[in-house]
Amino acid sequence: MALNARLDHRKPLVFDTHELGRRPGALQRLTREIDAPKDLGIAGVVGVPEGAPVELELRLESVMEGVLVTGTARALAEGECVRCLEPLELELAADFQEMFSYPDADDRGRPKAEPADDAEEDEDRLFIEDGLFDLEPVLRDAVVLALPMQPVCQDDCPGLCSECGARLADAPDHHHDAVDIRWAALQGLAGSLEDGEKDEMSGAEAEAGVDEKQEK
């Protein structure tokens, strides 16, 4: 990742490394509670609602080439069960570790003789700018990896009835009488024959009544 635009230290996911200095081995532990940014999770599936509290526990370690950040984010995610479509909540604990590099150091932590112009070399790297780093892209990736792609309200959720859409967990004995399609046509034919026989019998009875009147 290329160098960020100038970072704002007032943003909740921007952290200051000045206390660490550039002393390899120096450590700093931080805890912070922030409001979840927009679209934190898997869009349309499950995620942490915007503004919901997110607890961060961080360990910052100074190394030759930058600052190694290790941490855990905890929050309550919301979504919809993919089987029964009921709302659900789940506790999220997303672990992450990321290196934030000094922009003036190479991969071995040595000062660069000249600024690098190769954009491809820096494409996947995150940098410290003026002693600050932005944790948001790391947090987003960690949350997506920690969330289930197909969330369920419970592991054994039976889902919905395929015929009428009823929630099967609410009606364990719910069922429909199965009709074998091979017999459905015969049942229809039998019904037609019965109707035809009834019509014939009605006609015969009517004719018999006319004959009786005529004989009288």
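I began at Arg140, which counts as partly exposed because its relative accessibility is 24%. My cut-offs: buried is under 20% relative accessible area, exposed is over 50%, and partly exposed is in between, with a 1.4 Å probe and protein chains only.

A note on the source: this is a predicted model, where local features need pLDDT of at least 70 and side-chain atom pairs count only at pLDDT 80 or more, while totals for chains, interfaces and linings use all residues. I number residues from 1 along each chain as its sequence is written, and side-chain values use heavy atoms, with hydrogens and water left out.

**Arg140 and its partner**

I looked up what Arg140 pairs with, and found a salt bridge to Glu136, with 3.0 Å between the closest N and O atoms. (A salt bridge here is a side-chain nitrogen of Lys or Arg within 4 Å of a carboxyl oxygen of Asp or Glu.) Arg140 and Glu136 are about one helical turn from each other, because they sit four residues apart in helix α2. Glu136 is partly exposed too, at a relative accessible area of 27%.

**Helix α2**

Next I took the whole helix, residues 136-146, and listed its buried residues: Val138, Leu139, Ala142 and Val143. Down the axis of α2 they fall within an arc of 130°, so I can say they line one face of the helix. The arc is taken over the directions from the helix axis to the C-beta atoms. Turning to the face that points away from the buried side, I found Asp141 and Leu145 exposed.

What do the buried residues of α2 pack against? I noted six strands by name: β2 (27-35), β3 (40-42), β5 (53-62), β6 (66-80), β7 (87-101) and β8 (126-127). For the record, helices (H or I, at least four residues) and strands (E, at least two) are DSSP runs, numbered from the N terminus.

**Other salt bridges**

I count five salt bridges in the structure. One of them joins the side chains of Asp130 and Arg6, at 2.6 Å from N to O. Asp130 is in the loop between β8 and β9 (132-134) and Arg6 is in the segment before β1 (14-16), so this pair ties together parts 124 residues apart in sequence. Both Asp130 and Arg6 are exposed.

I also checked Asp8, which forms a salt bridge with Arg10, with the closest N and O atoms 3.0 Å apart. Asp8 is partly exposed at 24% relative accessibility, and Arg10 is exposed at 67%.

**Ala36**

Is Ala36 buried or exposed? I found it buried, with a relative accessible area of 4%. Ala36 lies in the loop between β2 and β3. Its C-alpha is 4.7 Å from that of Gly51, although the two are 15 residues apart in sequence. Setting aside neighbours within four places in sequence, I listed the contacts of Ala36 as Val48, Pro49, Glu50, Gly51, Ala52 and Val54. Contact means heavy atoms within 4.5 Å.

**The chain as a whole**

Last, I stepped back to the overall layout. The protein chain has three helices and nine strands, in the order β-β-β-β-β-β-β-α-β-β-α-α. Of its 216 residues, 31% are buried. Among contacts with a separation of 6 or more, 64% join residues 24 or more positions apart. I noted an accessible surface of about 14,700 Å², with 49% of it belonging to carbon and sulfur atoms.

Definitions and conventions: Areas by Shrake-Rupley, 256 points an atom, 1.4 Å probe, with all protein chains shown as cover.
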